[in-house]
Every structure is written in structure tokens, then in C-alpha cells.
Amino acid sequence: MSTHTMQSTAQPELRVFALEASRAFGERVAGHLGLALSPHEEREFEDGEHKARPLTSVRGADVMVIHSLYGDERQSGNDKLCRLLFFVGALKDAAAARVTAVVPYLAYARKDRKTKPRDPVTTRYVAALFEAVGCDAVLTMDVHNLAAYQNAFRCRTEHLEANGLFVDHFAPSLQDEDVVVVSPDAGGIKRAEQFRQRLADTLGKAVGAAFAEKHRSEGKVSGELLVGEVGGRTAIIVDDLISSGATIARTARACRERGARQVLAAATHGLFMDDAATVLADSALARLVVVDTVPPFRLGASPLTAKLTVLDSTALFAEAIRRLHDGGSLTELLQE
């Protein structure tokens, strides 16, 4: 075999970047991979424009760019999305063999269908932007609607779930409990059912199921019906995201009013907008668990922090990156 042939079939080098707003998360991911983050420059211009470029060669490399698209006190979700897109484009122009956007929290994933006349389908527009800059793949965690996410993108889509993290956290304290898993709305039943099955397998016993009624219009949440038996049980509410906290707080109260012994909640992305800290401090909710895809910086010194646990997802993202680079299966990862 010629030297040229050997070089062309060799596995491309893995490089991991993290834009500054996600640097702490990226450093932990890279640490699990035994790597240092690849260096890059981000420059701000006087008029608010910006640029980012790699400071090392990425020619022929398999590049992962970590950037979570939640708004914070420094950059909006729109700003972070724009910076990520431009950096992906710069990497492709610098001859990277493949660029994967590793987006722990994907902005605009909630607006995945028309709910009112002339509504936008923003998830699809965001997907078109990633494709326009040459992104080869997108990796995220617990999008609002998995089918909509997979159908919106023409490039490769990969998806992680926090179910395993939640089960590992809750299971040790539930061995002697009668447990029911509650979806806070009909649309989340499949997500809650996947968690329920995994929890039941881990506990080696039956786990009940229930769901709450929810209607949302112009930001107002309503609905009082709760389907399923929660009386005398530990209820675990499972959702993908907390924004105002109203949905989980309302469901927690409904469970307690119907006799639940205690109510716990797990949601992947904790945005904690507006008065979420006050809303979720309601005594109906005993414990709340989120994942570090969005740090809970908005809570400050709120009393809610006393019953909040933030789970580390960086090892899971690192293993996903390792498998993507090596050609392994993320489906198997989710089942482990």
C-alpha cells in the first residue's frame, strides 16, 4: 500500500473547541476525553460585531464545537447562535474534514410547529442556518420534540437523553418507595414513559404512570385534570425544560392534593425565567433535579437552591463525542 493511500484512509485527528460562553462546560468534556481544548480567538468589534477563528490548523480534522445556546447576562441566545454559526463556517473554510456542533441546549427547539395561523416553524429555520454554513452534524440533549428535530435538519442529527442520569440519581432513595412517574402534559408522555421503564428496570419493581392536563395560550398555563393513581406514592414529575416553573409547580400541587406522599421533579434544562425561583419554592415540591446544560445562574441565593440538584452531563457528552469520532453507536450509549 502506498504512503498516499495510507494517509488518505487514516482516521482524522479529533479537535475539540468550546466558545468562551461555554468554556467551563467544554473544559470538563475535554478533560473526560483526555484532551485540552483547541485554542481559538474571539474578537469583539466596537459596533457589536464579532469574529472567531481557530488558532491551530484544522485541515482534515474531525472537529467538535461545544456551545450551549441559552441566553445569559452577557449574550442572548440569538447572539450565541450567530457566533456558533460563524465559527462553524470558519472551520469549514479552514478545510476541516467534518464539523459537529455540540449544543447541550438547542435554542428555538420549542417552536417546532404551527400552533396559530401564520406561525413560524423556527426549528426548521435554525436547521437551515446550520446547513448553510456547512455543519456536518448536530449533537444535543433532550430537545422538546425529537421527531421535529430529526425532521428539521438535513444534516446528521444526534440526540442524548438525561434519563440515565436521572435514574442513577433517584433510584438509591426509592428502593422502599411506591413510585409513580408523572408527565406534566400529554405531549411529554413518551418522555416520561421512557424514564418510567428505565427506573422500573433499575428498581426491579413496577412503577406507576400518570399525566396532567395542560393548556397553554399566550403564556398562560391552565388545566386541572390528573390521570393516574398518585395517592400514597412518591411522584416524580419528568419534563424536558423549566422556564417559568408554572407547569411543574401546578403538577406538583395536583399530585399533593390527590394524596401523593411526596413530589420530586426532574427536568433537563433549567432556564428558571421570571419568578421561577418563587414559583418552584412551593412546599408541594420536595426536590428538583436538573442537568448542567444550562447553569442555574438566575437563581442566585434563592431558597429554591436548597432543594435543587444539578447533575453533571459532561462525561456523557464526552463519550458521545468519542463514539462519533470512532464511528460508534450513540443508540447503544443511551441504553447503557
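Helices (H or I, at least four residues) and strands (E, at least two) are DSSP runs, numbered from the N terminus. This is a predicted model, in which local features need pLDDT of at least 70, side-chain atom pairs count only at pLDDT 80 or more, and totals for chains, interfaces and linings use all residues. Residues are numbered from 1 along each chain as its sequence is written, and side-chain values use heavy atoms, with hydrogens and water left out.

**View 1. T251 in helix α8.** T251 sits in helix α8, residues 246–257. T251 is buried, at a relative accessible area of 1%; buried means under 20%, exposed over 50%, partly exposed in between (1.4 Å probe, protein chains only). Contact means heavy atoms within 4.5 Å. Neighbours within four places in sequence aside, T251 is in contact with V182, P184, A212 and I237.

**View 2. The buried face of helix α4.** Helix α4 covers residues 122–132, and its buried residues are T122, T123, V126, A127 and F130. Down the axis of α4, these fall within an arc of 145 degrees, so they line one face of the helix. The arc is that of the directions from the helix axis to the C-beta atoms. An α-helix has 3.6 residues a turn, so residues three or four places apart point the same way. The cover over the buried residues of α4 includes α3 (77–93), β5 (98–103), β6 (137–141) and α5 (146–152).

**View 3. Just after α4.** G134 takes a positive phi of about 90 degrees. C135 is buried, with a relative accessible area of 5%.

View 4. A disulfide is a pair of cysteine sulfur atoms within 2.5 Å. The whole structure holds zero disulfides. C255 is buried, with a relative accessible area of 0%.

**View 5. The setting of the close-ups.** The protein has eleven helices and 16 strands. Its C-alpha trace spans about 70 × 50 × 40 Å along the principal axes. Of the 336 residues, 50% count as buried. Among contacts between residues at least 6 apart in sequence, 67% join residues at least 24 apart.
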